[in-house]
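Work through the exercises below with the structure open beside you. Try each task before reading its solution.

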Amino acid sequence: MLKLGCHLSSAKGFLAMGKEAVELGANTFQFFTRNPRGGAAKALDEADIAAFLAFAREQGLLPIVAHAPYTLNACAAKDNLRAFAKETMLDDLARLEHIPASLYVFHPGSHVGQGVEAGIALIVDMLNTVIRPGQATTVLLETMAGKGSEIGSSFEELRAIINRVDLNEYIGVCLDTCHVFDSGYDIVNDLEGVLEHFDAVIGLERLRAVHLNDSKNPFGSRKDRHECIGQGHIGQEAFARIINHPALRDLPFYLETPAGVPGYAAEISLLRQARNAG
Ligand code: FE
Ligand code: FE
Ligand code: ZN
């Protein structure tokens with residue numbers, strides 16, 4: 001069955017997100033672990049989590065994806081920003097121990113002029129500090145558009161990070177369709193070639209989730225502006241090929257388009273119709 005969800009606001013808690021997902025026709029969802037601009041996370045409500053887990057198991061919503069705040073930059077130039085990134089990720093991962101088998105997506109970071117090599121070293125340093133043996137969560141590096149000094153817009157950069165993380169059995173990748181298209185991987189005309197390259201460099205077994213977003217900008221523009229499915233430069237046919245591809249079809253897919261709630265319901269139903277039987 002197509003595992004398809006969208007990004008939801010966590011303001012009302014986990015059970016509310018689970019119910020909202022089901023109402024939208026989703027069978028998984030993504031949420032921000034805290035305000036996307038950073039700041040403190042709400043206190044954990046254990047009763048809400050217990051009720052959510054019962055509901056999620058009954059509805060088949062697991063695994064879910066937790067997304068780190070955008071402001072988290074493991075390779076910031078300033079010590080205090082790097083310390084914030086570490087503390088935030090440690091705290092997020094501690095909380096996610098309450099939700100079994102979660103996926104935690106983060107943007108590897110922007111090196112802000114320090115250079116790719118220095119940036120990768122700082123990202124690796126953070127991951128080696130926060131990842132603990134036996135943790136329940138898999139940490140996913142998101143493929144990036146390559147805007148500004150973003151690291152992770154090539155599969156090789158993601159591989160360089162994975163290689164240097166000690167406990168890299170807890171590391172995977174989340175492929176964002178808008179971002180890879182923006183960074184110059186032609187998923188419209190050569191999906192097969194892109195996936196072969198991903199497999200050769202990173203290994204498809206590391207690919208654990210897909211963000212489904214169309215792109216407001218043309219191929220290779222490195223701008224990172226999401227568009228609704230079928231309304232951008234990637235186009236509906238390419239999304240049909242993506243969700244049906246044998247190497248991708250069993251992964252969970254998440255919409256992060258400007259459709260928002262309740263526009264997601266229409267996108268979810270469109271994608272479910274585009275899913276081939278079998
Ligand atoms: Fe993201
Ligand atoms: Fe994304
Ligand atoms: Zn994006």
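A donor here is an N, O or S atom within 2.8 Å of the metal. Water is not among the atoms, so sites may look incomplete. The model is predicted.

**Exercise 1. Find which residues hold the iron ion (ligand 1), and say how far the donors lie from it.**

Step 1. List the protein donors: H67 (NE2), H107 (NE2) and E142 (OE). They lie 2.2 Å from the iron ion (ligand 1).

Step 2. Read the spacing along the chain. It is H-x39-H-x34-E.

Step 3. H67 lies in strand 3 (residues 65–67) and E142 in strand 6 (residues 138–142), so the pair ties together parts 75 residues apart in sequence. Both H67 and E142 are buried.

Step 4. Look at E142 again. It bridges the iron ion (ligand 1) and the iron ion (ligand 2). These two ions lie 3.3 Å apart.

**Exercise 2. Work out how helix 1 and helix 2 run relative to each other.**

Step 1. Take the axes of helix 1 (residues 14–23) and helix 2 (residues 46–59). They come within 7 Å and cross at roughly 25°.

Step 2. Apply the cut-off: angles under 35 degrees count as roughly parallel. Helix 1 and helix 2 are therefore roughly parallel to each other.

Step 3. Name the contact residues. Helix 1 gives F14, L15, G18, K19 and V22. Helix 2 gives D48, I49, A51, F52, F55 and Q59.

Step 4. Sort the contact by class: 7 nonpolar, 2 polar and 2 charged residues.

**Exercise 3. Are the rings of F14 and F52 stacked, edge-to-face or tilted?**

Step 1. Count the aromatic pairs. There are 8.

Step 2. Check the geometry. The ring centres of F14 and F52 are 5.7 Å apart and the planes are at 40°, so the pair is tilted.

Step 3. Check the surroundings. F14 is buried, and so is F52.

Step 4. Compare F155 and Y185. This pair is stacked, 4.0 Å centre to centre with 5° between the planes.

Methods. Residues are numbered from 1 along each chain as its sequence is written. Chains are lettered from A and ligands numbered from 1 in the order in which they are written. This is a predicted model: local features need pLDDT of at least 70, side-chain atom pairs count only at pLDDT 80 or more; totals for chains, interfaces and linings use all residues. Side-chain values use heavy atoms; hydrogens and water are left out. Donors are N, O and S atoms within 2.8 Å of the metal (3.2 Å for Na, K and Ca); water is not among the atoms, so sites may look incomplete. Helices (H or I, at least four residues) and strands (E, at least two) are DSSP runs, numbered from the N terminus. Buried means under 20% relative accessible area, exposed over 50%, partly exposed in between (1.4 Å probe, protein chains only). Axes are lines fitted to C-alpha atoms, for helices over the stretch in contact, and angles run from 0 to 180 degrees between N-to-C directions. Angles under 35 degrees count as roughly parallel, over 145 as roughly antiparallel, 65 to 115 as roughly perpendicular and the rest as oblique. Contact means heavy atoms within 4.5 Å. Ala, Val, Leu, Ile, Met, Phe, Trp, Tyr, Cys and Pro count as nonpolar, Asp, Glu, Lys and Arg as charged, and the others, Gly among them, as polar. Rings of Phe, Tyr and Trp (its six-membered ring) pair if their centres lie within 6.5 Å; planes under 30 degrees apart count as stacked, over 60 as edge-to-face and the rest as tilted.
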